[in-house]
Amino acid sequence: MCGIVGYLGSQGAYSILIQGLKRLEYRGYDSAGVALIDGTGSLNIHKAKGKVANLEQTAAAGNTDGLIGIAHTRWATHGEPNDINAHPHVSQSGNIALVHNGTIENYAVLKQLLCEQGYTFKSETDTEVLVQFIDYIHASSDCTLVDAVRETLLQVEGAYAIAVIEKNNPDRLIVARKSSPLVIGVGDGETFIASDATPIVGYADKVIYLKDNELAVIERDKAISIVSIDSNTPTKIDVQKLKLSLAQLEKGGYDTFMLKEIFEQPKTLRDCLRGRITDNGSRVVLSGVELNKETFLNAERITLVACGTSWHAALIGKRLIQDFCRIPVEVEYASEFRYSNPVLGPKDIVISISQSGETADTLAAIQIAREKGAFVYGVCNVVGASIPRNTDSGTYIHVGPEIGVASTKAFTGQVTVLTLLALAIGQLRGTADSDTVKSVCKSLMQLPEILEETLKCDPEVQKLSRIFTYAHNFLYLGRGYNYPTALEGALKLKEISYIHAEGYPAAEMKHGPIALIDHEMPSVIIAPSDSLYDKIISNVQQVKSRGGAVVAIVSRGNTAMNDIADFCIEIPEVPECLTPIVASIPLQLLAYYIAVGKGKNVDQPRNLAKSVTVE
Ligand code: G6P
């Protein structure tokens, strides 16, 4: 949700910033901009509505010199996407340029104050208020710019990661964060800053993850200094090794990141499972559970909090934990949970699930859970992100960077980790019998090969997608473990093809959505051979008898659906609790090919961002 990049060093900043913006474009792509200070001390700003490529075209006609600069790719919150609202924003004096990710909640009050002081505004953004306020404090109180930035941030309510440069000082970059991520890349005589580590890969292999409420001053040929915004006292600097490679950030021969990520799933699940099942396949070993045995033994309730696709994984997690651990489980949207005055105590475990580890609502939910004394466990993908740093313990899904905005490999990774977690807790509490654990472990270890087999449905799904490219509505139905799979399948289609799709528990359909069924409303039924298979057959009959087309996802060799459904896609048979992982593959492919057939940009669907760091 908005990406920021900055550079200070001895190379031309512009190309590094553009390259960084392209790697961050998944965070927002409404507009982009760059600010550079050249050798003559002039501050040059270039901005353009739309993608970073548009910015490159605009900037080509102007001055892009300079060894220092900041840049931004925007996901609009305050003010429509256009050139004026694009960042960087510049103070009225023309001296200070700033980029911002987050939202300033009290911007209207600050703006009013500035207007009374004679400030005028060009844009509708909260960010312009921020830069003007810094200018105002700097000009009116004779303090340094660093102090003015800090003083301003003390007045601000909301979330921010910012980078600031000053026209008169081409040797200094000021950055700060609260509730929005910011990483500093430490190179040899050069420093990079970015919303996440991806723009830094290939330039520097050491990083500092700025903590909440910290302000860093980066000066040419000097050591980085970091202070607490509240107390203005130095904080400990923790330099870490960056463990991302360039290959992980490239498309690897695929047309899109999304397709690459769908096809990567056999490998990513292998990485996700590595070292987590004993060699003899009899037990799950998760250090997060091993190190907190007492907490898991004494827990009286588990609450799963998440947003988007991660929330769908949480719904599957609920079933898994209930089945293997026999403990009450609740699932909450993080955005609702945070304002629900939840009843929590020391015997509660809250599990937050997040691919990015930066989702603002999920972060806020876990902060509340910790304040109320619950033990907070994180299931996250991005190593070192805010959520894993703010949880008591957790498990990484280790599926590598997910760049396509619509989540695919992170979802299957999350469900895999939740399966491992449920088995580990169940083993510990004695609620999962050892034969069941062994049998699920065996199938988990075979999952990479099973997914390779499943992906062979690709040509068939591609062909099928052509029939449905022009549908206006879709219904996705599933039961039990696969009701959340239906929700996720529908979400995938909505996100990238803009076709309206609804996921529904198959048996609930007769209480409403059945009214929608006609020959123009296809239904996708997730019907593997599980404990509810016979029940779902009759739900499919209800759709068919009302003229709706049916695409059924069925277990290989199960022919009963052949006579009822219009199209059947077969998936390998796996234990019931693993069917959501396998059934998701054809659903991801179906959404993908329908969207491609409609000519949509699947990696960067309109209005969406990969990482939602605002409320
Ligand atoms: C955004 C993304 C979704 C994602 C959701 C939660 O909406 O577009 O793909 O599921 O945020 O993100 P998280 O990083 O917390 O899993």
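In this predicted model, helix H10 (residues 308-325) makes the greatest contribution to the shell around the ligand, supplying three residues. Helices (H or I, at least four residues) and strands (E, at least two) are DSSP runs numbered from the N terminus. The ligand is surrounded by 13 residues, and the closest are Ser310, Ser354, Gln355, Ser356 and Thr359; a residue is near a molecule if one of its heavy atoms lies within 4 Å of it. By class, the shell holds four nonpolar, eight polar and one charged residue. Here Ala, Val, Leu, Ile, Met, Phe, Trp, Tyr, Cys and Pro count as nonpolar, Asp, Glu, Lys and Arg as charged, and the others, Gly among them, as polar. Residues are numbered from 1 along each chain as its sequence is written. Because the model is predicted, local features need pLDDT of at least 70 and side-chain atom pairs count only at pLDDT 80 or more, whereas totals for chains, interfaces and linings use all residues, and side-chain values use heavy atoms, with hydrogens and water left out.

A polar side-chain atom of Ser310 is 2.5 Å from a ligand oxygen, and an N or O atom in the side chain of Ser354 is 2.6 Å from a ligand oxygen. Of the 380 Å² of accessible area that the ligand has on its own, the protein covers 90%; accessible areas come from the Shrake-Rupley method with a 1.4 Å probe, and for residues only the protein chains shown count as cover.

Pockets and cavities were located on a 1 Å grid over the protein atoms alone: a cavity is a set of points where a 1.4 Å probe fits but cannot get out, a pocket is an open set with protein on both sides within 12 Å along at least five of seven lines, and lining residues have an atom within 4 Å of a point. Grid points are joined across faces, edges and corners, and a volume is the space filled by probe spheres set on the points. The ligand sits in the second largest pocket, as more than half of its atoms lie within 2 Å of the grid points. At least two lining residues come from each of H10, strand S17 (348-354), helix H12 (360-371) and helix H17 (483-497). The lining divides into 11 nonpolar, 11 polar and five charged residues.

The largest pocket has a volume of about 700 Å³. Of its 34 lining residues, Tyr209, Leu244, Asn381, Val382 and Val383 lie nearest the centre.

Two cavities of 30 Å³ or more were counted. The largest cavity has a volume of about 90 Å³, and the closest to its centre among 14 lining residues are Cys2, Thr77, His87, Gly102 and Asp126. Strand S6 (96-104) and helix H4 (126-141) each give two or more residues to this lining. The second largest cavity holds about 40 Å³ and has six nonpolar, one polar and two charged lining residues.

Conventions:
Polar contact = N/O pair within 3.5 Å; in protein donor to acceptor, adjacent residues only side chain to side chain.
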